[in-house]
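Look over the sequence and the model, then read on.

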Amino acid sequence: MDNKYDVVIIGSGLGGLCTAYILSKEGYNVCVLEKNRQIGGNLQIFSRSKSIFDTGVHYVGGLAEGQNLNQYFKYFGLMDKLKIKQLDLDGYDHITFKGNPIVYKHAQGYDNFVEQLAQHFPQERDNLIKYVKRMEEICNHFPLYRVSNELKDVTSASFLQTDTKAYLETVTPNKKLQNILGATNALYAGEANKTPLYVHALVINSYIESAWRCVDGSGQIAKHLGDSIKEMGGTILNYSEAKKFNFSGDEIKEVELTDGRTIEGKKFICNTDLSKALEMVDSKHLRPAYRNRINNLETTTSVFIVYLVLKPGTLKYFNYNIYHNFGEDSWDVINYTDETWPKGYAAFSQVSSKSPDNADSLIVMGYMRYDEVQQWINTKNITPNHVEKRGDDYEDFKNRKTEKLLDAIEYSFPGIRKNIVSQHTSTPLTYRDYIGSKDGNLYGIAKDYKDPLKTFISPKTKVPNLLLTGQNINFHGVLGVTISAVVTAAELVDKTKLVKQIQSAT
């Protein structure tokens with residue numbers, strides 16, 4: 001095995017895999033290091049009782065012909081390989097409120113989005129038209145979102161310094177509609193008086209254009225990318241956890257792994273949590289001001305998830321996602337106490353090629369802060385070759401939360417308990433240990449409209465041959481991370497040429 005490479009990428013999440021694909025395609029000898037058995041980061045899947053569960057990617061936007069992620073995925077050789085299913089055109093997301101029998105639907109297509117909600121709010125049709133137009137306008141300010149080489153400076157744009165919830169209050173005076181438009185804020189861990197409008201727009205617009213689910217799980221994306229990287233001469237090393245960088249002068253010479261192996265390279269790219277990347281660099285190679293700036297950035301919250309294996313045929317597959325609120329304010333779901341949790345939940349059906357008409361599994365999630373698992377933060381559930389138990393009190397904690405969440409979802413799934421074969425859970429510690437995100441956060445750095453430029457992170461670091469990629473560099477989500485890979489790779493290849501190749505991919 002060659003232990004010296006042109007580029008060594010730490011982390012095989014989507015950002016690392018896409019960056020590796022681009023550079024391998026451009027002739028670089030690339031090595032990707034992954035600490036786990038399975039590559040993919042949030043694309044990882046697992047199975048229980050032959051039911052497949054996604055861990056992080058439950059649905060994807062922009063995959064219809066001519067749309068942004070479709071074009072990127074054509075470049076990555078994915079579109080003709082993926083098994084995907086388009087969600088319901090008239091309602092890919094179903095929004096419900098306790099005590100209100102009406103199901104409010106977010107629909108695909110700008111006109112259809114307006115039409116479905118205007119059925120309930122006919123007097124708000126013009127305001128809804130203005131809303132979807134504004135979402136599209138904001139997205140057009142980000143060239144790579146539109147797979148464009150155009151140069152635009154958005155640093156002074158008003159939508160960076162506008163609070164999402166406050167903006168929605170200007171769209172319509174109708175409080176119910178305001179909360180319906182903001183009800184899927186779990187897609188970006190949105191917070192009132194904090195989350196910038198551009199975050200809301202970039203996420204929501206992608207799904208309005210089109211929304212899709214991966215048949216048999218999103219792990220297929222990682223598998224196909226990994227296979228292509230290897231076919232182009234790249235190397236992927238599993239069970240290879242990076243520990244620290246060893247330097248020669250001002251530049252990194254090699255990365256040392258936890259098992260003592262060393263991997264040499266000319267360039268190194270971290271597709272890890274930013275705090276992990278900094279931990280690997282000796283203090284003398286980074287100015288304290290830079291290190292402190294990155295380490296002090298606030299991260300988004302985390303989640304508690306229950307994965308249910310169901311008795312075959314007891315629940316029909318539902319081709320949409322459910323966002324339920326127990327209160328009127330959809331932005332208040334994140335502000336819970338132990339007594340009021342959960343204030344809402346999101347539910348996702350897995351689509352299986354073996355039983356496409358039935359939902360033999362169900363995923364339900366509710367927000368969970370890292371401080372709730374504070375007493376177990378010194379436990380480690382996974383290392384490359386070893387799994388430890390966190391203790392009976394941790395199991396009791398998970399069981400208590402599971403029971404509360406199962407009670408909650410009776411609203412959407414009456415009698416669900418009698419159909420459960422087995423139940424499995426994940427907490428912020430699960431995401432911290434398996435995915436490698438600091439404090440188990442969902443989407444990396446938390447964006448704030450009061451200081452938007454603070455969270456704009458360059459792929460370049462103060463170490464000459466160290467770059468960054470992933471959700472913290474550009475944006476989170478499948479599309480955001482894919483674009484971040486392009487941004488990072490463009491530090492080593494001609495960006496104009498690269499984007500033209502993506503545009504012309506078939």
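How do the residues of the lining of the second largest cavity divide into nonpolar, polar and charged? They divide into 4 nonpolar, 4 polar and 2 charged. Ala, Val, Leu, Ile, Met, Phe, Trp, Tyr, Cys and Pro count as nonpolar, Asp, Glu, Lys and Arg as charged, and the others, Gly among them, as polar.

This is a predicted model, in which local features need pLDDT of at least 70 and side-chain atom pairs pLDDT 80 or more, while totals for chains, interfaces and linings use all residues. Residues are numbered from 1 along each chain as its sequence is written, and side-chain values use heavy atoms, with hydrogens and water left out.

**Cavities**

The structure holds 3 cavities of 30 Å³ or more. A cavity is a set of points, on a 1 Å grid over the protein atoms alone, where a 1.4 Å probe fits but cannot get out; lining residues have an atom within 4 Å of a point. Points are joined across faces, edges and corners, and a volume is the space filled by probe spheres set on them.

| Cavity | Volume | Lining residues include |
|---|---|---|
| Largest | about 130 Å³ | Y188, A189, T300, A446, K447 |

In the largest cavity, 16 residues form the lining. They split into 8 nonpolar, 5 polar and 3 charged.

**A buried asparagine**

N68 sits in helix α2 (residues 68–75). Helices (H or I, at least four residues) and strands (E, at least two) are DSSP runs, numbered from the N terminus. N68 has a relative accessible area of 4%, so it is buried (under 20%, with a 1.4 Å probe and protein chains only). Beyond its neighbours within four places in sequence, N68 is in contact (heavy atoms within 4.5 Å) with G62, Y145, V147, E209 and L479.

An open sheet of 3 strands runs in the order β5-β9-β6, with antiparallel pairing. β5 (60–61) and β6 (84–86) are at the edges with a single partner strand each, so one side of each lacks a neighbour in the sheet. Strands pair if DSSP finds at least two bridges between them. β6 and β9 (residues 211–214) share 3 bridges. K85 has R213 in β9 as its bridge partner.

**Two helices**

The axes of α4 (residues 125–139) and α5 (residues 164–171) come within 10 Å and cross at roughly 145°. Axes are lines fitted to C-alpha atoms over the stretch in contact, and angles run from 0 to 180 degrees between N-to-C directions. N127, Y131, R134 and M135 of α4 meet Y167, L168 and V171 of α5. By class, this contact has 5 nonpolar, 1 polar and 1 charged residues.

Notes: 1 Å grid on protein atoms, 1.4 Å probe; cavity = no way out; pocket = protein on both sides within 12 Å on 5 of 7 lines; lining within 4 Å. Buried < 20%, exposed > 50% of the residue type's maximum accessible area, 1.4 Å probe, protein only.
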